[in-house]
Structure formats: structure tokens, C-alpha cells
Amino acid sequence: MRAVTDEKAIVPKIQIQAVSKSYPGDKNPVLALRTVDLSINEGEFVSIVGPSGCGKSTLLYVLGGFLEADGKVLVDGKAIQGPGTDRGVVFQEYALFPWLTVRNNILYGLERGALAPEERARIADRLIGVIGLKGFEDRYPRELSGGMKQRVAIARTLACDPAILLLDEPFGALDAQTREVMQDELLRIWLETRKTVLMITHDVNEAVYLSNRICVMSARPGQIVEEFKIDLDRTIPRERLFTSDAFNKTRNEVWISVRQQALAAEKLNARV
Amino acid sequence: MQGSDRFAAFRSPVGRMVPLVAMGLIWQAVSATKLIDPSFLPSPLRIGHAMVDLLTGREICDNLFVTLARAAIGLALGSAAGVWLGLMMARSPKFRAYAAPIVGGTYSLPKSALIPLFILWFGIGTATTVCAVFLSCLLPMVVNTFQGVASTPRVLVWGAQALGARPREMLWQVFLPHALPDILTGLRVALGFSFVLAISSEMIASTNGIGKLIFMYGENGAYDYMFAAIACVVVVAFVIDRLLLLLTQKCLRWHESATERGPA
Amino acid sequence: MEREPSKRALQIRSVISVLVIVVLWETAARAGLASPLFLPAFTAVMAEWWTVCADGSLPADLLTSLFRAFAGLFAATLIGVGLGIAMARSRLVHWIFDPVIALAFPSPKIAFLPIFILWFGIYSTSKILLVAFACVFPIVIGTYAAASAINRVWIWSAYSLGTSNLTLLFRIVLPAAWPRIFAALRVALPVSLITTFTAEMVGGGGGMGAALMYSQRFFESPTVFAYILTMLVVGLLLDAIMLRIQTAFPAWHSNA
């Protein structure tokens, strides 16, 4: 079944093959995902957009190894075995440990590695600088704003230096201004590190602004119905990009596709 | 309504003591009129006198120590077992299914009803008291720990797993810290129960302890001493409860409720 | 992760769990692993339970105890709700009672039993008053918290609509505070039972607790067990009733 190749570069970083997932419902099981296929190459930034409740987060949880599903999920050609540090996850709800300070949250994942304590502290200090939270190292998450919490969550994930970043609506709980700042920071980090990223979002602008490729998912049961390749110059600043024709053309195409799925979802819900 | 500064003096620690002192003075005045038989209601001065007498002797300290030791042993064993059971119930649906009817059934049983049973089994003395305290502390700890662990958000669990936490580490690094506020709430309830059960069981089945002492003073008609011993119990219970509250605040500086309780 | 078993499987396990205990109990007693004095057989306890029910002694004791518990709880509710609201509405009342409550709340009320016996004798009066004394603190604290958490805008708008103080109390303050008052009552109910039983066990004067101690003193183990099982069932039933009331009126949930 599996094609054996000697050239590693040809094997996609992530392969999702015929993945289906159903939840136990009141009477019948509810199908959340139906035979989803998706391949992501190393260094690619892929976004999944779709109407709410379409199962896009479920796909990310399956890839994270948190949920079991039918079908195959391969990373570097090997089937995943539960959660792992090769896939860093950022959740919409931040998922910071409220009983740990900013620094200890960032150190949490590092403490399992083979690094010496001084090296860990150095990495944590550097990341605290990167996310601009110098002076907040010893604060608890409850003392931080939403944007600051999400920065810590991203830093905590980056600390383990995962090859893959899984982002589950990472900026969904933030206000519009903070969201833009965070998007710029994420873009900068991605341009620097060129990690493989899969992001779930319902914000079309965000998806077009950040990704190489956008997959549009249908209403439940979720399937990937359309794909868009994005080829924009990432080096030009946000203001110019957002007002450019290329950006708007792509944005409108994606938006219409998502809107069709959202309307279909509305109809589906109205019938239920 | 706005001039809150006028009330600042009333809310100071000294200001808060004023009503208590005033009540004592009224009580003293009523006693002085001798309208009420002083043997039924000893005056605060006489109680104070008895208290000084008690505190300079060994009787009350020894008996109070015995009671506190019994309560502490029962509380420690009951809390440890309760946290363990609550954790097991929250983490294993199978275990929960078997344990739930037993926990639910005994939760609303007035635990002091078991004292006669323990007297049958263990006779009169420390074992009976400790067992009664143990059982009364066990259930609030089980229920609160269960709630705290079972309510751990799945993203917190997943977040730890994605950062490489192993199943054994999850317990200490995720589930128990998340349950800590609930466990401490349960501990405060259990602390209250431990006093009640230790004292009731001593009143029923013991040859020593503060419960027995209070009862003996009552039977011998030494009412001023009885009142003084009860006052000692009230003060000790109050101080220990406050200490636990302080410890709770220290342990939960990270918790949302810390803002309501004042600056961290 | 373990898979969550079906509801049916859980119920079956619960039944199994209880059955296993009863069967173990019965066989241990029958096999003579424990002397009947320490552990009478479950069937013997049931037979004794039937006897004490039939001769009317257990129902009479139960009625006495329940009367004491409910009378005390009723008095505690009247005083507790009234004082709690007064403390929330008046700084003076709050100033006077707050230190007393802070001091008395954590204290084991049963320690006051000898005083109540001294003043009110060993029969119902002392029990009812001790129960009221034990239950009043959680109710005051619950009511005070509830009444001071009422949205001030409601009270202001009620006043601006010309509401009198009394109407305000019954139409705004009590309904708004009720869910948390009810939650406090659910806490106070087992307190009333445990206080009644314990006071009867310590001080005598009839009721379930006194009968329990009496049978223990004469080593009538089946009777001891029969009374304990009855207390267990009564505690369960009363809590189930409170829960049923709470679920029947969703608005009464404190977190509604």
C-alpha cells in the first residue's frame, strides 16, 4: 500500500488518508468527518476554513493524536502514536496551566527534554523576549490579557521546537486589533522558522494573509470541498497587501466558497 | 451611601471587635442584676476567671491536645484516602460505576450514627473517635476531588500531552493542580466535620478529650468551667479555620478567586 | 483513555456493587467470620427492622427526630433569611453580627449541647434550639451573599418606580436571592439531621439517636444496624427530595 521512496523530500510531511470520525450521539452516531484526504509538504502553511461546527477542529485533534479516528494519519511517512512533541498545538482557549507562571509554562515542555537547565532557561528567556513579555515572567496567566496569554501559549509550543505547528483558531478569542498584531507576529515567526503549519480558522482574511494553501471544508460531515493555492508576496506590509488586487481577488474567491458552505450548513441546521 | 470613609473606623480590626465587647458588657450587666440564676448563666467575668484557672492548669491543654490529635489523625487519613478515591473515580469510569452508589449512599448518612457501631467494634477510646472522624472527612474529600479532577478541561490535558507529558506525570502536573481549589474547599468542610465528630464521639464514648471534659463539667454542675471550655473550643476552631484559609490563599495565588480575596 | 461505558452498563455496575456488599456481609456473618455481636447477618438486621417497625418503636422514634430536625431547620430558616437580608441591606446590622458569625461559623456547635441541656432540659426544646443554632449560620451566610449580590440597578429601578420597602423585599430581594438561599437550605438539611441524631445520642431524651445508643448499650446489634440503615435511607430520601425540588424549578439552581 505505502509507496516506499528513498528520497525523503518527496514524502509529504503530513499525510491524512481517508480519515473519518464519528461521535456517539443521542440515538445515532454523528459523523463529524467523512473520508478526508490531505497532504501537507514540509514548510507549508495550510489553513482550513469552513462553517462553524463542520468538524475542522476535529481534524486537528485527530492529527494532534488526541482523538482516534478511522483512516490513516502519517507524519514523515509513519503512523502517529497519540500526541507527541513533534506536533506543537496552540488552542483557541490558550490551555495555559493557570498554576504556573509565564516562565514555568514556557519551561514545561522543555523539562522533559535532554537539555541542561541553563540551556532551558536561555531558550525560555529568548522566547519571552520574542513574544515581548519581558517583565511578566513571574506573572500567572490570570493576570494577563487574552493576547498575552496566547503569546505565552505560542512561545510554550515553540520552546519544544516542534517540526509541525497545529493551530486551532488561535486568535478566535481575541479582539480585532490584537488579532492583527498576533497574525503579523505569527507570520514573522513562520518566515523565520519555516515550520510546517496547519491552522484552523473561520476568518478568511486571516487564512489568505497567512497561508500558502487554503482548504475549504463543507458542513457536517466535514469534507474538503475546494482548495486554493495562495501565491502572495509575504514581504510587503499588511496595509499594501490588503489593498492590493491580487489579495482581494483571492480573498473573494475563498470567501464565496466558504459562504456557499455556510449557507448549506444553515439549511441543514434549519431542517434539524 | 457614598460617604464610605465614615465607616472606615467601624471596619478596622478594633472596630470589628466592638460588638463582641459590647455583647460581653451587656451580658455582664444582666448577670449583675441577678435576674437570671448565675449558675445557669455565669457572668463573663466568672467564665474568664474559670478560663484563666483552666489555662494555667494542665487539664484543658491535655484534653484539648488529645482531641486535636484524634481529629488530626482522622482528618489526615480521611483526606488522603478521599483524594485518592476521588481521583480514581474521576479517572476510571469503571471504578466510578462501582463506587458511586457507595459514596452516594453514605454521603448523606449522619456519620455520628456510626459511633455506636464503632463502640461495638473497637470499644471506648481513640480508635472509635478516629474512625468516626475518618469517615466524616472521607466523603467531602472524595466528592470535591472528584469534581475538581473530572472538570479538568480537555485542552489542558491535550496541551500537556502535546508537550510530552507522560500519563504518570499528568496526575501531579495537571489533574491534581487543577483540582487543588476544590480539594482545599473539601478540606475546609472536612476540618469542620473533624471537630464535630471528634467532640461528639468523645461525649458519647471516651474517657478523655475536650468533649468528655465539657460534658463532665456539665454533669458536675461546674457551669463556669463548662462555659470556659466551650469558649476554648470556639476560639481554637476559629484559629485553625483561619490558618487553613491563609494556607488556601497562599496555595491559590494563581487562581481566579485570588483577585477577589485581595492582592496576590 | 478508557472508553466511557454506556449508561446501562453503569447502572448494572452500581447494582452489582451494592449486591456484592450485601452478599459479602451476609456470608461473612453466616460463615461466622465475625461474631453476631459485631456483625449480625443482613437478613437478621432486616428481620429486626421489620419487628421494630411493626411494634411502632422505630416509626415513633423517627417521627420524634424528624419533628426536632424540621422544627429547628424551620426556625433557622426564618431567623437566617431575615438576618441575612437585614445584614445585606443595613451596614449597622452587618457591623453588629458579622464578628459573631465569623467566630461561631467554624465552631463545632455540638460542643454547646451541655449549655442547651442546662437551659432547656433534655427533651425536644433543647434539641430544636441546638438544631436551629447549628443551621442558622450557613443560612445567614448564604442569604447574605445572595442578597448583597443583587444587581443594584434592579433595586434602584424598583425605587424609581415607587416601590415600597416591603414590596421590594417580597417582589425583588427574596425572589432574586432565592436560588442561593435554597442552596444554603440544601446544606443545612443534613446539618439538622446530624445535629438531631447526635444530640439525642449524647443527651438522650428519645428519638432515633437515643434509641440507637440504648440498643448499643444492651448489645442489641441487629437493632443498631436497623436504626443506622434507617438513618441512611432517610438522609438519602431527604436529599433526593431537595434535589427533585431544585430540578423541578430550574430557576432555583444557584448557577442558573
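How many helices and how many strands does chain B have? In this predicted model, chain B is built from eleven helices and has zero strands, and its pattern, followed along the sequence, reads α-α-α-α-α-α-α-α-α-α-α.

**Chain B**

The radius of gyration of chain B is 23 Å, whereas the globule rule gives 18 Å for 264 residues, so chain B is more spread out than a compact globule. Taken along the principal axes, the box that the C-alpha atoms of chain B fill is roughly 75 × 65 × 30 Å. Of the 264 residues in chain B, 44% are buried, and of the contacts in chain B with a separation of 6 or more, 72% are accounted for by residues 24 or more positions apart.

**Chain C**

Chain C has ten helices and, again, zero strands, which gives the pattern α-α-α-α-α-α-α-α-α-α when the chain is read along its sequence. For chain C the radius of gyration is 23 Å, while a compact globule of 256 residues would have a value near 18 Å. The C-alpha atoms of chain C, taken along the principal axes, fill a box of roughly 75 × 60 × 35 Å. Buried residues account for 38% of the 256 residues in chain C, and where contacts in chain C join residues at least 6 apart in sequence, 71% of them link residues at least 24 apart.

| Chain | Box filled by the C-alpha atoms | Buried residues |
|---|---|---|
| Chain B | roughly 75 × 65 × 30 Å | 44% of 264 residues |
| Chain C | roughly 75 × 60 × 35 Å | 38% of 256 residues |

**The contact between chain A and chain B**

How many residues does each of chain A and chain B give to the contact? Chain A contributes 19 residues and chain B contributes 14 residues. On the side of chain A that touches chain B, at least two residues each are supplied by strand 6 (87–90) and helix 2 (102–110) of chain A. Strand 6 of chain A provides the largest share of that side, namely three residues. Sorted by class, the side of chain A that touches chain B comprises eleven nonpolar residues, together with four polar and four charged residues.

Terms used:
Residues numbered from 1 in each chain as written. Chains lettered and ligands numbered in written order. Predicted model: local features only at pLDDT ≥ 70, side-chain atom pairs only at ≥ 80, totals over all residues. Contact = placed C-beta atoms within 7 Å. Helix = DSSP H or I, 4+ residues; strand = E, 2+ residues; numbered from the N terminus. Nonpolar A, V, L, I, M, F, W, Y, C, P; charged D, E, K, R; others polar. Rg over C-alpha atoms; globule rule 2.2 N^0.38 Å. Buried ≥ 20, exposed ≤ 12 C-beta atoms within 10 Å, placed from the backbone.
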